[in-house]
Amino acid sequence: IRTVRGIDDPASIAEAIARRLQRLLAEDSPLPHLIVIDGGYTQLSAACETAAALGAGSLPMVGLAKQREEIYFPGEQTPRHFDPETAGMRLLRHMRDEAHRFGITAHRKSRNRALLRHAALSVPDIGPARLKALLQNLDTKPIDQASEEELARVPGIGPALARRLFSHFAQSPAAAIEPAASQT
């Protein structure tokens with residue numbers, strides 16, 4: 001979620017639906033047969049309004065509220081209840097749980113990456129340009145998990161700075177990350 005500040009489920013869902021549908025429409029790709037929204041009436045309404053604004057108002061959507069495993073249909077404030085042990089309900093729950101797992105994992109990676117950036121910037125002679133070089137040249141490997149040799153191969157780092165950076169994280173990774181948490 002790029003534009004929503006703070007916790008706002010309906011706005012976050014509207015943004016996610018808008019980005020997905022805009023991309024599909026721009027690529028002239030087929031639309032999904034069904035969109036399952038994680039949430040109840042309010043979240044589903046936000047998704048339906050967004051789809052309608054993009055000309056995809058007829059796209060089938062349902063909302064799945066976690067607390068009582070209730071299914072919401074567009075335009076209906078009262079949820080429907082189905083046998084929780086049916087294959088369809090198990091599939092819907094699995095989809096919702098997988099979306100939660102994916103979202104939580106992505107959030108943790110993003111948060112940890114931000115903390116490592118702050119921790120790396122606390123090393124003398126590591127500024128924004130060198131940090132950018134580290135992040136670009138280490139691909140998906142976190143800075144704190146790179147070897148001294150890998151760090152030294154990054155343009156602009158060199159052996160001496162790589163040694164300082166490596167020892168900074170090797171001393172106490174948790175302590176290296178700790179100060180960054182208070183800065184956010």
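Is Thr 50 buried or exposed? At 14% relative accessibility, Thr 50 counts as buried. The legends below describe close-up views of a predicted model.

**View 1**
Thr 50 is found in helix 2. A polar atom of its side chain lies 2.9 Å from the backbone oxygen of Ala 46. Thr 50 also reaches residues beyond its sequence neighbours. With those within four places set aside, its contacts are Ala 14, Ile 17 and Ala 18. Thr 50 is classed as buried because its relative accessibility, 14%, falls under the 20% limit.

Strand 2 (residues 61-65) and strand 3 run antiparallel and are joined by 3 bridges. Within this pair, Gly 63 stands opposite Tyr 72 in strand 3.

**View 1**

**View 2. The largest nonpolar core, and a second one.**
The largest nonpolar core has 18 residues. Those with the most contacts inside it are Ile 126, Leu 134, Leu 138, Ile 143, Leu 151, Ile 157 and Leu 165. Helix 3 (87-121), helix 4 (128-137) and helix 6 (158-171) each give two or more residues to this core. A second, separate core has 14 residues, including Leu 44, Cys 48, Ala 65 and Tyr 72.

**View 3. Contacts of Ile 126.**
Ile 126 is one of the residues with the most contacts inside the largest core. Neighbours within four places in sequence are left aside here. The remaining contacts of Ile 126 are Ala 120, Leu 121, Leu 131, Leu 134, Ile 157, Leu 161 and Leu 165.

Arg 164 and Asp 125 meet through their side chains in a salt bridge, 2.6 Å from N to O. The two residues are 39 residues apart and link distant parts of the chain. Arg 164 lies in helix 6, and Asp 125 in the loop between helix 3 and helix 4. At 37% relative accessibility, Arg 164 counts as partly exposed.

Arg 101 forms a salt bridge with Glu 98, and their closest N and O atoms are 2.5 Å apart. Both residues lie in helix 3, with a spacing of 3 residues, about one turn of the helix. Arg 101 has 44% relative accessibility and counts as partly exposed. Glu 98, at 33%, also counts as partly exposed.

**View 4. Further salt bridges.**
Side chains of opposite charge can pair when their charged atoms come close. The structure holds 9 salt bridges. One of them joins the side chains of Glu 27 and Arg 23, at 3.5 Å from N to O. Glu 27 is partly exposed, with 45% relative accessibility. Arg 23 is partly exposed at 41%. Elsewhere, Glu 69, Arg 96 and Asp 97 are linked in a network of salt bridges.

Notes: Residues numbered from 1 in each chain as written. Predicted model: local features only at pLDDT ≥ 70, side-chain atom pairs only at ≥ 80, totals over all residues. Heavy atoms only, no water. Core = buried A, V, L, I, M, F, W, Y, C linked by side-chain atoms within 4.5 Å. Buried < 20%, exposed > 50% of the residue type's maximum accessible area, 1.4 Å probe, protein only. Helix = DSSP H or I, 4+ residues; strand = E, 2+ residues; numbered from the N terminus. Contact = heavy atoms within 4.5 Å. Salt bridge = Lys/Arg side-chain N within 4 Å of Asp/Glu carboxyl O. Pairing = 2+ DSSP bridges. Polar contact = N/O pair within 3.5 Å; in protein donor to acceptor, adjacent residues only side chain to side chain.
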